[in-house]
Amino acid sequence: MIRVEGLTKDYGARRAISNLNFEAKQGEIVGFLGPNGAGKTTTMRILTGYMPPTDGSALVAGFDVVDESLEVRKRVGYLPETVPLYTDMTAYDYLKFMADLRQIPDSSERADEALEMVGMESRANSFISSLSKGMRQRIGLAQALIHRPEVLILDEPTIGLDPGQVVEVRKLIREIGKERTVLLSTHILSEAQQICDRVLIINKGKIVAEDTPENLQSRLVGSERVALRVRGESDGLSKIITKVKGVQSVHSAPDGSIEFQFAPGQDVRPEVAKAVVNAGYDLLELRPVGMSLEEIFLELTREDNRRK
Amino acid sequence: MRNIWTIARREYNHFFTSPIAYVVAFAILLIVGAIFALVILDASNNAFSGFGSTAPSISAVVWWFNFMIILSTPALTMRLISEEHRMGTVELLLTAPVRDWELVIGKWLGGFLFMLTIIAVTLIYPFILNSLETPGIDQGQMMSAYLGLILLSAALLGLGVGISSLFNNQIAAFFATLAVFIFLTWIVSFISQIAPGGKDLFSYLSMNTHFDSLNSGTINLTDIVYFLSLTALGLFTGATAVEVRRWS
Ligand SMILES: Nc1ncnc2c1ncn2[C@@H]1O[C@H](COP(=O)(O)OP(=O)(O)OP(=O)(O)O)[C@@H](O)[C@H]1O
Ligand SMILES: [Mg+2]
């Protein structure tokens with residue numbers, strides 16, 4: 001569980017985050033999205049007890065991050081953005097050291113277990129200095145998981161991983177998120193879409209939107225969008241679709257398909273399909289295209305910038 | 001307590017993979033060994049030419065040992081905390097359930113145990129000396145001198161850890177530490193010799209005064225208190241610096 005109230009942090013005269021309020025429940029994966037310098041890392045550093053906030057309070061796993069910092073730190077697994085590792089140690093020794101610091105009785109088994117979780121058991125005895133960036137990222141993740149923490153805070157966990165590993169790590173996070181609380185930051189919006197139950201969009205130290213990825217989409221778009229593809233030339237198709245009742249707008253997409261929009265709840269897809277087929281086209285595909293989180297994100301942060 | 005031990009053990013093991021630590025150990029053992037050989041040579045010459053047959057004192061050896069420890073400790077302590085800041089690994093330590101002072105004491109203990117290991121190795125020199133000379137060496141003086149070396153190491157490592165926590169750069173930490181050591185030994189001693197007043201104060205502040213006293217074979221509580229206070233001061237500085245840097 002994470003509960004943040006009025007969290008504010010100043011670095012000297014610069015305000016990095018101001019008056020943040022949000023919550024993450026047990027069994028929930030919350031994504032922290034925002035451009036560079038938005039304050040994601042700063043927030044995470046406060047939640048993990050690395051540094052105290054200038055103002056406001058935060059409760060993590062039921063303990064206050066300032067007054068009961070040690071209790072919080074016992075219950076949090078943290079992957080810092082910079083993935084700090086002792087490069088002079090082997091992967092196994094490093095994980096065992098981290099497990100010992102957390103006073104886990106069976107630290108050797110846990111180190112092995114954590115290596116296995118991130119698929120690094122074959123490199124247990126390699127020095128960390130000899131591992132690739134993605135492998136180091138995985139060791140960092142293993143370190144965050146080693147004590148089976150109640151709350152997991154991951155600062156850009158999949159950055160630098162190969163596609164296969166990205167899928168693996170996302171699966172792992174989903175798995176962990178079933179029972180624990182996960183807060184992760186990312187720039188990859190499709191990632192937030194895939195693994196997060198809820199997304200917080202933060203810009204310039206303020207939360208500008210907070211919702212499920214789906215709701216964010218429909219809230220912002222206000223209409224649904226569908227792409228349609230036919231065999232061969234699609235000349236004249238736009239005109240036919242435009243005539244269908246309920247269709248709000250039509251335009252051709254760069255990939256040769258035609259996109260049309262309609263108000264949510266008034267699904268006109270059957271009518272459009274009939275019209276297209278009746279006009280003699282071979283209908284190949286009818287596919288919903290949500291407004292991507294990328295677009296939502298740009299939209300939100302642009303609005304916010306304009307207001308200033 | 002277990003955290004202190006976990007951190008100390010990692011540091012101690014790290015020294016055995018670090019070229020700097022080997023250079024330091026080698027330099028100390030070589031210089032101390034060379035002085036020791038000279039002392040023996042001198043003693044046997046004296047015995048030969050009939051100038052008394054008293055056992056040679058190891059105080060000259062120990063004095064050089066002290067000198068080498070002062071010069072080389074900064075190389076052992078410079079990276080202890082500064083490197084954690086530079087590499088960012090401090091973020092791991094400060095978000096682990098470890099108290100700031102446990103971290104600092106753990107770092108100190110790792111270095112102290114390494115220095116104790118070097119000191120333990122040099123014990124073979126007095127043993128050799130003992131087996132060469134019939135009256136043997138003055139055991140009491142030797143114990144007192146080694147106590148002095150141990151206390152001196154504790155204090156220097158404490159100060160070194162404290163200074164290392166103030167820097168992100170280990171070279172900066174090295175020179176700052178060396179400067180403080182030279183000040184506390186030779187400069188303060190020099191001031192006590194030339195100062196018109198406050199001779200006692202400066203003489204008390206000088207590490208040399210306390211070390212020389214132990215090296216000459218007298219164990220005074222004031223000397224022990226002096227070194228332990230410096231150790232505590234260094235560790236306190238370190239813990240405070242770690243804490244303060246969290247807030248900045
Ligand atoms: N140690 C620091 N000292 C001073 N200012 C800092 C420090 N760390 C971060 N800042 C400032 O605080 C603001 C927020 O930074 P933060 O690192 O939290 O952003 P972020 O959302 O994690 O960005 P990114 O996506 O690039 O990782 C930025 O303006 C940054 O310059
Ligand atoms: Mg960041």
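This is a predicted model: local features need pLDDT of at least 70, side-chain atom pairs count only at pLDDT 80 or more; totals for chains, interfaces and linings use all residues.
In total, 3 salt bridges are counted between chain B and chain A. Polar contacts link 11 residue pairs across the interface, both residues being at pLDDT 80 or more. On the side of chain B that touches chain A, at least two residues each come from α1 (2-15), α3 (59-87), α4 (90-94) and α11 (221-247) of chain B. The largest share, 7 residues, belongs to α1(B). By class, this side of chain B holds 10 nonpolar, 7 polar and 7 charged residues.

The contact involves 24 residues of chain B and 27 residues of chain A. About 2600 Å² is buried between the two chains. Carbon and sulfur atoms give 60% of that area.

Chain A contains an open sheet of 6 strands with mixed pairing. The strand order is β6-β7-β8-β3-β9-β10. Strands β6 (76-79) and β10 (206-211) of chain A form the edges, each pairing on one side only. Neighbouring strands are turned by 15 degrees against each other on average, direction ignored. Strand β9(A), residues 198-203, pairs with β10(A) in the antiparallel sense over 5 bridges. Here A:Ile201 stands opposite A:Ala209 of β10(A).

Helix α5(A), residues 133-145, touches β6 and β7 (151-155) of chain A. The direction of α5(A) makes about 170 degrees with that of β6(A). Helix α6(A), residues 163-177, touches β3 (29-33), β7 and β8 (181-186) of chain A. The angle between the directions of α6(A) and β8(A) is about 145 degrees.

Methods
Residues are numbered from 1 along each chain as its sequence is written. Chains are lettered from A and ligands numbered from 1 in the order in which they are written. Side-chain values use heavy atoms; hydrogens and water are left out. Contact means heavy atoms within 4.5 Å. Buried area is the accessible area (1.4 Å probe) that two parts lose on being put together, summed over both. A salt bridge is a side-chain nitrogen of Lys or Arg within 4 Å of a carboxyl oxygen of Asp or Glu. A polar contact is a pair of N or O atoms within 3.5 Å; within protein, one must be able to donate a hydrogen and the other to accept it, and residues adjacent in sequence count only if both atoms are side-chain atoms. Helices (H or I, at least four residues) and strands (E, at least two) are DSSP runs, numbered from the N terminus. Ala, Val, Leu, Ile, Met, Phe, Trp, Tyr, Cys and Pro count as nonpolar, Asp, Glu, Lys and Arg as charged, and the others, Gly among them, as polar. Two strands pair if DSSP finds at least two bridges between them. Axes are lines fitted to C-alpha atoms, for helices over the stretch in contact, and angles run from 0 to 180 degrees between N-to-C directions.
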